Amino acid sequence: MLIKNGAGIPYSEVTDERWYLRRREFLRVGAGLAGAAVGGVFAACANDAVDDVSAAPAVADAQTPLPNVTKKMVTTTEQLNKFEEITGYNNYYEFGTRKSDPAKYAGQLKTSPWTVKIDGLCNKPGDYALDDIIKTADLEERVYRFRCVEAWSMVIPWIGIPLAAVIKRADPQPKATFVEMQTVLRPKEMPGLAVGGLNWPYTEGLRMDEAMNPLSLLAVGLYGKTLMNQNGAPIRLVVPWKYGFKNVKSIVRIRFVDKMPSTAWNDANPGEYGFYSNVNPTVDHPRWSQATEKRIPSYFATTKTLMFNGYADQVASMYAGMDLKKWY
Amino acid sequence: MRWRTVLKILVFLLALGPAALLVRGMVTGDLGVNPAETIQLETGRWTFKLLLLTLAVTPVRRLTGWNAVIQFRRMLGLFTFFYGTLHFASYWAFDLVFSFSRMAGDIVKRPFIAMGFASLMLMLPLAITSTKGWIRRLGRNWAVLHRAIYGAAICAAVHFAWKQKVFTGDAVSYAIAVAVLLGFRLVWMLRERGRARARAQTAAS
């Protein structure tokens with residue numbers, strides 16, 4: 001497909017991992033100087049730094065390589081975030097509300113065997129085994145910006161299949177105007193559920209044209225391997241022009257409906273989180289600005305947030321004529 | 001050295017500890033994936049913890065009769081202000097990239113930020129007037145002025161609760177702690193009034 005922004009850029013040029021991995025050294029030297037200015041005593045601690053930069057990205061047992069990735073779509077020339085950043089800083093409230101909770105507790109979730117129930121207004125409903133769903137289309141790598149509603153962002157090399165392929169296979173009926181998706185609900189494996197906060201199971205949804213947009217991805221991996229549980233293993237949604245919480249994780253159900261589904265964050269706080277939740281620098285969250293974002297691991301929110309997270313060329317036409325202040 | 005001096009130095013170093021650990025974390029790159037957020041959250045929490053400790057001094061003194069504890073109140077209060085300032089500075093620097101106009105916009109538009117800012121602004125005159133000279137100059141008014149700490153505590157509790165995306169036990173515990181510590185004052189005040197009224201009645205009869 002045609003992506004105007006950065007089409008045809010080789011993956012190696014985007015990653016440039018050597019430079020990337022050395023970045024922490026630069027940071028550390030800089031921070032060391034700052035630290036020395038604050039108090040020479042603490043600067044000495046810089047020598048205690050034990051994190052081995054050459055070890056990233058770490059290899060986890062739970063992951064297996066995904067060898068048959070045939071296509072690549074690189075939508076940004078920005079540096080990729082490190083594997084340990086993508087897997088160490090997550091919002092997955094079923095495992096706790098702290099960003100480090102999912103990495104700590106999501107390991108308990110059993111992701112095999114896994115089936116996805118596809119039902120509702122479609123002609124081929126059924127319980128689809130994970131492998132069967134993945135076989136619907138060739139695996140592709142998609143380098144996307146990821147923008148959280150909390151105003152931080154990352155660049156992530158997802159691997160997955162177009163959501164449109166799975167939808168076509170299910171053969172939705174003309175009445176189906178929305179797609180609802182649900183995260184697995186396993187109280188014994190999800191300690192965060194006991195604390196509460198949202199209406200479980202975590203439910204999200206897209207309008208049918210949004211779901212069919214070529215950018216919409218069902219991700220099953222990143223950095224060449226299957227997903228870690230904290231990232232929503234074994235299969236999760238990625239819609240890069242929307243705020244991160246739209247990207248429902250660990251999907252067990254895809255349902256075709258004829259009404260706008262009620263969604264988790266909209267239920268919890270309708271004044272702050274709309275159904276659409278398109279990334280929009282001109283519509284602030286009531287409690288903070290959305291004009292800029294903090295690109296992890298930077299200290300400063302100096303990155304300007306782009307309309308539709310930089311994917312306006314691919315998605316803006318779907319919202320033509322809509323008042324995006326009203327439909328936030 | 002007298003034991004009180006030793007204890008004061010110890011409390012001073014302990015109160016400095018969290019800030020020292022953050023500086024160390026910056027140096028070693030050990031503040032997690034989003035270090036700016038770690039600094040913001042930690043300085044915020046320590047502001048609140050020290051505020052609660054400061055508010056606890058008088059109840060502890062009255063309940064236990066340990067009068068010497070009053071000697072730590074100023075230090076605890078000033079450390080509260082110190083962490084509050086760091087907390088505010090980290091928001092202004094990291095989130096707003098040192099923009100005064102965006103800061104003004106946030107304070108006007110966003111009540112939870114206005115609450116945090118109000119809390120800090122209420123503490124500012126208290127920090128300034130914490131010296132011996134000011135205590136002498138203000139005389140009786142000093143104690144009245146320093147009741148502003150109650151307002152600062154309420155603002156801080158609202159600020160913290162309002163910041164949460166979902167209901168969390170943490171924000172509730174801090175709010176309860178504030179309520180309990182201010183509750184002591186309320187009870188004392190009511191008792192005092194009752195006594196004053198009784199005295200007035202006795203005098204009248």
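**A helix pair in chain B and its surroundings**

Mentor: α5(B) and α8(B) cross in a left-handed sense. This is a predicted model, and what follows should be read as such. Helix α5 of chain B covers residues 111-128, helix α8 of chain B covers residues 148-163, and their axes come within 8 Å at a crossing angle of roughly 155°. Since angles over 145 degrees count as roughly antiparallel, α5(B) is therefore roughly antiparallel to α8(B).

On the α5(B) side are B:Pro111, B:Phe112, B:Met115, B:Gly116, B:Ala118, B:Ser119, B:Leu122, B:Met123, B:Pro125 and B:Leu126. They meet B:Ala148, B:Ile149, B:Gly151, B:Ala152, B:Cys155, B:Ala156, B:Val158, B:His159, B:Trp162 and B:Lys163 of α8(B). By class, the residues of this contact are 15 nonpolar, four polar and one charged.

A second pair in chain B can be set beside it. Helix α1 (residues 3-28) and helix α3 (residues 73-95) of chain B pack at about 15°, with their axes 11 Å apart. The angle is under 35 degrees, so α1(B) and α3(B) are roughly parallel to each other. Their crossing is right-handed. From α1(B), the residues B:Lys8, B:Val11, B:Phe12, B:Ala15 and B:Ala19 take part, and they meet B:Met75, B:Phe79 and B:Leu86 of α3(B). Seven residues of the contact of α1(B) with α3(B) are nonpolar, none is polar and one is charged.

In soluble globular proteins, nonpolar side chains tend to be buried together. The largest nonpolar core of this model has 106 residues, and A:Leu218 and A:Ala219 touch the most other members. The largest share of this core, eight residues, comes from α3(B). Beyond its neighbours within four places in sequence, A:Ala219 is in contact with A:Trp158, A:Ile159, A:Gly160, A:Leu227, A:Arg236 and A:Val238.

Among contacts in chain A with a separation of 6 or more, 73% join residues 24 or more positions apart.

Two loop residues of chain A show what this looks like locally. A:Thr263 lies in the loop between β11 (251-257) and α10. With 24 other C-beta atoms within 10 Å, where 20 or more are required, A:Thr263 is buried. A:Thr203 is 60 residues away from A:Thr263 in sequence but 5.2 Å away in space, C-alpha to C-alpha. Leaving aside neighbours within four places in sequence, the contacts of A:Thr263 are A:Thr203, A:Glu204, A:Gly205 and A:Phe275.

A:His285 sits in the loop between α10 (264-268) and β12 (292-295) of chain A. Its count is 16 other C-beta atoms within 10 Å, so A:His285 is partly exposed. Outside the four places on either side in sequence, A:His285 is in contact with A:Val149, A:Glu272 and A:Gln290. A:Tyr105 lies 180 residues from A:His285 in sequence and 29 Å from it in space, C-alpha to C-alpha.

Key: Residues are numbered from 1 along each chain as its sequence is written. Chains are lettered from A and ligands numbered from 1 in the order in which they are written. This is a predicted model: local features need pLDDT of at least 70, side-chain atom pairs count only at pLDDT 80 or more; totals for chains, interfaces and linings use all residues. Axes are lines fitted to C-alpha atoms, for helices over the stretch in contact, and angles run from 0 to 180 degrees between N-to-C directions. Helices (H or I, at least four residues) and strands (E, at least two) are DSSP runs, numbered from the N terminus. Angles under 35 degrees count as roughly parallel, over 145 as roughly antiparallel, 65 to 115 as roughly perpendicular and the rest as oblique. A crossing is left-handed if the near helix is turned anticlockwise from the far one by less than a right angle, and right-handed if clockwise. Two residues are in contact if their C-beta atoms, placed from the backbone, lie within 7 Å. Ala, Val, Leu, Ile, Met, Phe, Trp, Tyr, Cys and Pro count as nonpolar, Asp, Glu, Lys and Arg as charged, and the others, Gly among them, as polar. A residue is buried if 20 or more other C-beta atoms lie within 10 Å of its own, exposed if 12 or fewer, and partly exposed in between; C-beta atoms are placed from the backbone. A nonpolar core is a set of buried Ala, Val, Leu, Ile, Met, Phe, Trp, Tyr and Cys residues joined through C-beta atoms within 7 Å.
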